[in-house]
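Please look over the sequence and the model shown here before reading the report that follows.

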Amino acid sequence: MWRDPGSWIALGVSALFVVVGLAMHRVFTRILKQGSAEPGYDNPKAENHE
C-alpha cells in the first residue's frame, strides 16, 4: 500500500483539504468575531438609498 503512488496522491490531497479547511475556519471565525460596521458607515450611497 505505501509503495503505490496513488495512495500518496490521495493522502496528499486529503491533507491539503484539511489544511485549507483549518485556514478557512480561522478566517471565518476572525471575520465573525469582528462584527459588522454600522449601515452607511463605509458606504456613502447607503444614506441616499430608498
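## Before the helix

Helices are taken as DSSP runs of H or I with at least four residues, and they are numbered from the N terminus. In this predicted model, W2 has its place in the segment that comes before α1. W2 counts as exposed because its relative accessibility is 54%, and exposed means over 50%. Even so, when its neighbours within four places in sequence are left aside, W2 is in contact with W8 and L11.

## The helix and its end

The chain holds 1 helix and 0 strands, and helix α1 covers residues 5–34. With 30 residues at 1.5 Å a residue, α1 should span 44 Å, and the distance between its end C-alpha atoms, 44 Å, agrees with this. Just after α1 comes G35, a residue that takes a positive phi of about 80°.

## The surface

The accessible surface of the chain amounts to about 5200 Å², and 65% of this belongs to carbon and sulfur atoms. Of the 50 residues in the chain, buried ones make up 2%.

Notes:
Residues are numbered from 1 along each chain as its sequence is written. This is a predicted model: local features need pLDDT of at least 70, side-chain atom pairs count only at pLDDT 80 or more; totals for chains, interfaces and linings use all residues. Side-chain values use heavy atoms; hydrogens and water are left out. Helices (H or I, at least four residues) and strands (E, at least two) are DSSP runs, numbered from the N terminus. Buried means under 20% relative accessible area, exposed over 50%, partly exposed in between (1.4 Å probe, protein chains only). Accessible areas come from the Shrake-Rupley method with a 1.4 Å probe; for residues, only the protein chains shown count as cover. The expected span of a helix is 1.5 Å times one less than its number of residues. Contact means heavy atoms within 4.5 Å.
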